[in-house]
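Try each task on your own before you read its solution.

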Amino acid sequence: MKKLIIFGGNGFIGKYVSSFFANNKNFEIHIITRSLNNISSNLKSSRIHFHELDLFNQDKIKLLFGKIKPTHLIQLAWCSEHQKYWIDPQNNIWVEINNTISNSFINNGGNRAIFIGSSAEYDWSSNNLLNEFESKLNPFSIYGKAKLKSFHETTKYFEKSFASMTWIRLFNPFGPGEDERRLIPKLCINLIKDQKMEFDTANTTRDFIYVNDLAYLIYELLNSDYFGPINISSGEKIIIKDLIIKAAKYFNKEKLINFDSSIDEPKFPFVVADTSLIKKVLKIKYPETINTRFHETFKFWQERLSTIN
């Protein structure tokens with residue numbers, strides 16, 4: 001049986017990824033988490049083994065790989081504190097952690113790995129779709145620079161081995177369970193609670209991916225032999241103002257929203273992925289449209305708050 005080790009398997013994205021693989025009987029799953037408290041009930045399975053580990057102790061990482069000897073790897077863990085992660089000095093430590101994970105995986109006979117990178121590795125000053133091999137890589141943040149450095153160093157490890165690796169450049173995952181301080185949950189919660197919200201003109205354009213669709217794509221990529229960077233997103237241009245209005249209309253709370261042109265807009269107006277590569281590699285279609293996924297997410301927050309209240 002294949003052995004899959006998942007770092008960050010109990011986080012926002014990790015819970016969906018782990019659950020997706022738990023439904024596949026071809027994998028024995030080992031989830032690495034910083035704490036065994038608050039393990040998701042969806043991850044209760046005889047084929048899932050949990051390991052509590054401080055990833056800043058790199059000697060213990062090496063020992064763990066020697067014990068499990070996984071054939072497959074998904075590395076989702078990184079510093080992720082809301083807003084802080086853009087400037088967190090620990091980003092540089094995570095580059096070293098990824099190096100230890102890569103080296104340990106390869107040295108213990110691993111053959112297929114997925115690492116999570118970021119759209120922040122790109123130069124966001126372009127108004128063009130961001131392409132894996134044609135767009136400029138020029139991160140503006142400490143976070144983006146560290147992710148890009150890790151991409152280059154991780155790639156070197158795998159190029160010198162018999163193992164293969166896909167580096168996912170991820171664009172704005174969303175869905176049930178997302179940090180309540182992020183745009184979509186915060187928007188839904190405030191609208192449900194009848195709290196007024198003020199925005200800039202919100203004319204920026206972004207790209208999103210529903211977290212369950214992301215888990216599905218990670219599953220498909222792990223079972224592929226594609227080596228290199230690849231974007232994961234819906235590939236749909238979403239003007240933030242349209243998304244805000246869509247949510248307000250869903251909750252019938254349009255009067256709570258105000259757009260103020262005197263508020264400064266974000267520096268980068270257009271950050272959208274070119275998704276032609278992933279469609280070519282996997283030859284699949286997304287299960288639902290992004291608008292359907294937005295509505296499913298709005299409904300989740302509506303039902304969750306009605307239960308709490």
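A residue is called buried when its relative accessible area is under 20%, exposed when over 50%, and partly exposed in between (1.4 Å probe, protein chains only). Helices (H or I, at least four residues) and strands (E, at least two) are DSSP runs, numbered from the N terminus.

You are looking at a predicted model, where local features need pLDDT of at least 70, side-chain atom pairs count only at pLDDT 80 or more, and totals for chains, interfaces and linings use all residues. Residues are numbered from 1 along each chain as its sequence is written, and side-chain values use heavy atoms, with hydrogens and water left out.

**Exercise 1. Helix H5 and the residue after it**

Task: Find which residues of H5 are buried, then look at the phi of Asp194 just after the helix.

Solution: 
- Step 1. The buried members of H5 are Ile184, Pro185, Leu187, Cys188, Ile189, Asn190 and Leu191.
- Step 2. That makes seven of its ten residues, so H5 is largely enclosed by the rest of the structure.
- Step 3. Move on to Asp194, in the loop between helix H5 (183–192) and strand S8 (197–199). Its phi is positive, about 60°, although Asp194 is not a glycine.
- Step 4. Most residues other than glycine have a negative phi.
- Step 5. Asp194 has a relative accessible area of 49%, so this residue is partly exposed.

**Exercise 2. Another positive phi**

Task: Where is Lys283 found, and is Lys283 buried or exposed?

Solution: 
- Step 1. Lys283 belongs to the loop between helix H8 (276–282) and helix H9 (290–308).
- Step 2. Its phi is near 55°, a positive value in a residue other than glycine.
- Step 3. With a relative accessible area of 71%, Lys283 is exposed.

**Exercise 3. The span of helix H6**

Task: Work out what span helix H6 (residues 211–222) should have, and compare it with the model.

Solution: 
- Step 1. The expected span of a helix is 1.5 Å times one less than its number of residues.
- Step 2. For the twelve residues of H6 this gives 16 Å, and the end C-alpha atoms are 16 Å apart, which agrees.
- Step 3. Now check burial: ten of the twelve residues are buried, so H6 is largely enclosed by the rest of the structure. Among them are Val211, Asp213, Tyr216 and Tyr219.

**Exercise 4. Aromatic pairs**

Task: How many aromatic pairs does the model hold? Describe two of them.

Solution: 
- Step 1. Rings of Phe, Tyr and Trp (its six-membered ring) pair if their centres lie within 6.5 Å; planes under 30 degrees apart count as stacked, over 60 as edge-to-face and the rest as tilted.
- Step 2. By this rule there are 32 aromatic pairs.
- Step 3. Phe21 and Tyr219 make a tilted pair, 5.0 Å centre to centre with 55° between the planes. This pair links distant parts of the chain, as Phe21 is in helix H1 (residues 12–22) and Tyr219 in helix H6, 198 residues apart.
- Step 4. Phe21 is buried at a relative accessible area of 0%, and Tyr219 counts as buried at 16%.
- Step 5. Tyr122 and Phe171 are also tilted, with 6.3 Å between centres and 40° between planes. They are 49 residues apart, each in a loop.
- Step 6. Tyr122 has a relative accessible area of 0% and is buried; Phe171 is buried too, with 0%.

**Exercise 5. Charges over rings**

Task: Which ring does the charged end of Arg169 sit over, and where does Lys147 lie?

Solution: 
- Step 1. A charge sits over a ring if NZ of Lys or CZ of Arg is within 6 Å of the ring centre and within 35 degrees of the ring normal.
- Step 2. The charged end of Arg169 is over the ring of Tyr122, 5.3 Å from its centre.
- Step 3. Lys147 lies over the face of Trp78, at 4.0 Å from the ring centre.
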